[in-house]
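Reader: I would like to learn how to read an interface and a ligand site from coordinates. Where do we begin?

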Amino acid sequence: MRTRVFLLLLIAVAIVVFFATRWVNNDYVFFAGYTVLQFVVLSTAWNILGGYTGYVNFGSAAFFALGAYATVFLHKLYPLPIPLLIVVGGAVSGIVGLGMGYLTLRLRGAFFAIATLALAVVLQTLIVNWDYVGGSRGAYIIRPNEIALIGPYIQYLFLVMLALVVIALTVARGIERSRLGYGFATIRDDELAAEASGVPTLRLKLIATTLSGALMGMAGAPFPYYIGYLQPSSAFGLEYAVNSIAMPMIGGTTSWVGPLIGAILLGSLQQIATVTISSAVNLLIVGLLLVAFVIIAPNGIVGLVQGWIRRTK
Amino acid sequence: MAGALLEVTGLSKRFGGFVALDGIDLSVAAGERVGLIGPNGSGKSTLVNCICGTLVNETGSVRFDGETVDGLLTHERTRRGMARSFQLPRPFTTLTVADNLRVPLLYTVNARPGRALSPTELDARCAELLQLVALADKRTHLPRDLTQVEMRKLELARAMAAEPKLLIADESMAGLSQSEVDDIVSLLIRLNERGITIILIEHIMRAVMKFSQRLIVLVSGKKIADGLPDAVIRDPEVERAYLGQ
Ligand SMILES: Nc1ncnc2c1ncn2[C@@H]1O[C@H](COP(=O)(O)OP(=O)(O)O)[C@@H](O)[C@H]1O
Ligand SMILES: [Mg+2]
């Protein structure tokens, strides 16, 4: 399938999802749906680096938070429409992703993962001590109640996140089918052999950290409008770091489908758990599932299905 | 040597206190077929790694195709026309056998100036290369489905896919049957007749003698002989250090 056809198909699905959710006509569904979609973007973004090139990023929350804080910062200067804020948030996190890639070029495996964790801690400390964006107290963002054409603002935010899902999935699938995708896979498999085959591994790693960071920042940019009151502890929350790893791992990391499935499944499960049990149980569920999958099905749900198809053929 | 394709001068490499290569000088002319032999641990693979940039040598210099390549990354050297197979095959484990060959086509052949191969041409080229090393029926398999011998053939095919000026085959024939060895040797000779310069590192003397126009012997990181194959294997020093053991 050509990328353009895929994009049109995704847009069609997104439109159906939007009108179906509108038809349900319950604000809660929009609130919960927003969170699930946000996780689709985050895990797709994580997977571009973690799944395609095999570099595990523990600092997803920092890239997400940077996108959110870019919005807070601009909101104080001059309120901009959300699509523009997304561009800015993506640019900020993309540049930080590039910087992180540059600083960690020679690090592999656990050392890379630890470095990303350290970066997240450093950035959180900076934000906590930066009064202009609210420091440790946090910052209020007054969200309009309504928006022209669409109506309730939460529906607008939901639609924006849907659009980001479309963009993220198209980018991920586009990479998989391009030269870049092959290059990323060789980095995951064997960097020495990749270089010997002409793959510029260092440059490709930078492309991956930049793209992945940018998409995470884009996911974070609308967040202050969603939450209304942004604190460092919520923007840098553990749930972002954990979920953006767990969702692709559980869905399957080798293709764009895995993070999508993982995020929808785990995201919905957590929304249901929040309502029926408590929000504290969420990370427990994710952790247990992650352990189970790593042991039983290291290639995730996609891997399970592929294996099943191969056996029945 | 004027017009040398590869020129190594004073190349030394240490691992900690251990001197793996000690002031290696060698030169390979364009179009030549050179055999590189030496006992296990004599530094042959290390020399390949230094020539191709996989390892960084402390002293000495490598010139390729008229320019020094010191300081260039491995992929840049590959794009300039060096290709090597690894002694222990290092396939891309999550890519199919055909896609393993697609990588050098995409990143080396298509990265050179001139017209890039179209997707159909890429498929055709992969199929052609797999045919050459008799792996055509494993096209869609993952490398883990291959035997050790097939893995070596894939390793060699991947180096050939980069359309190199200089191909270095590092013990590609270990474990192959006699007829397979003969197949690979004649394949390498055919490639050479098409203008590719080849360095063959090999323990199977029959293959080395059949292939080489010149023989270089490495012992304990030093070059001890370099000349016509028949003369080199009769060299008393070579016999003592290598063949006599
Ligand atoms: N990465 C490395 N670190 C330390 N020692 C090494 C390394 N690679 C090779 N050596 C050592 O260098 C010597 C030469 O090895 P190698 O080049 O593989 O020999 P050959 O290919 O001729 O069998 C050996 O003694 C080997 O143990
Ligand atoms: Mg060796």
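This is a predicted model: local features need pLDDT of at least 70, side-chain atom pairs count only at pLDDT 80 or more; totals for chains, interfaces and linings use all residues.

Reader: Which helices of chain A supply the side that touches chain B?

Author: Helices H7 (179–189), H8 (191–196) and H9 (201–220) of chain A each supply at least two residues. H7(A) gives the most, with eight residues. By class, that side of chain A has 11 nonpolar, four polar and six charged residues.

Reader: How much area do chain A and chain B bury between them?

Author: About 2,000 Å², with 61% of it on carbon and sulfur atoms. On the chain A side, Arg179(A), Tyr182(A) and Ser197(A) supply 31% of the area buried against chain B, more than any other three residues.

Reader: Now the ligand. Which polar atoms are close to an oxygen atom of ligand 1?

Author: An oxygen atom of ligand 1 is 2.5 Å from a side-chain N or O atom of Thr46(B). For Ser45(B), the distance from a ligand oxygen to a side-chain N or O atom is 2.8 Å. With Ser42(B), a polar backbone atom is involved, at 3.3 Å. The protein covers 60% of the 560 Å² of accessible area that ligand 1 has on its own.

Technical notes
Residues are numbered from 1 along each chain as its sequence is written. Chains are lettered from A and ligands numbered from 1 in the order in which they are written. Side-chain values use heavy atoms; hydrogens and water are left out. A polar contact is a pair of N or O atoms within 3.5 Å; within protein, one must be able to donate a hydrogen and the other to accept it, and residues adjacent in sequence count only if both atoms are side-chain atoms. Accessible areas come from the Shrake-Rupley method with a 1.4 Å probe; for residues, only the protein chains shown count as cover. Buried area is the accessible area (1.4 Å probe) that two parts lose on being put together, summed over both. Helices (H or I, at least four residues) and strands (E, at least two) are DSSP runs, numbered from the N terminus. Ala, Val, Leu, Ile, Met, Phe, Trp, Tyr, Cys and Pro count as nonpolar, Asp, Glu, Lys and Arg as charged, and the others, Gly among them, as polar.
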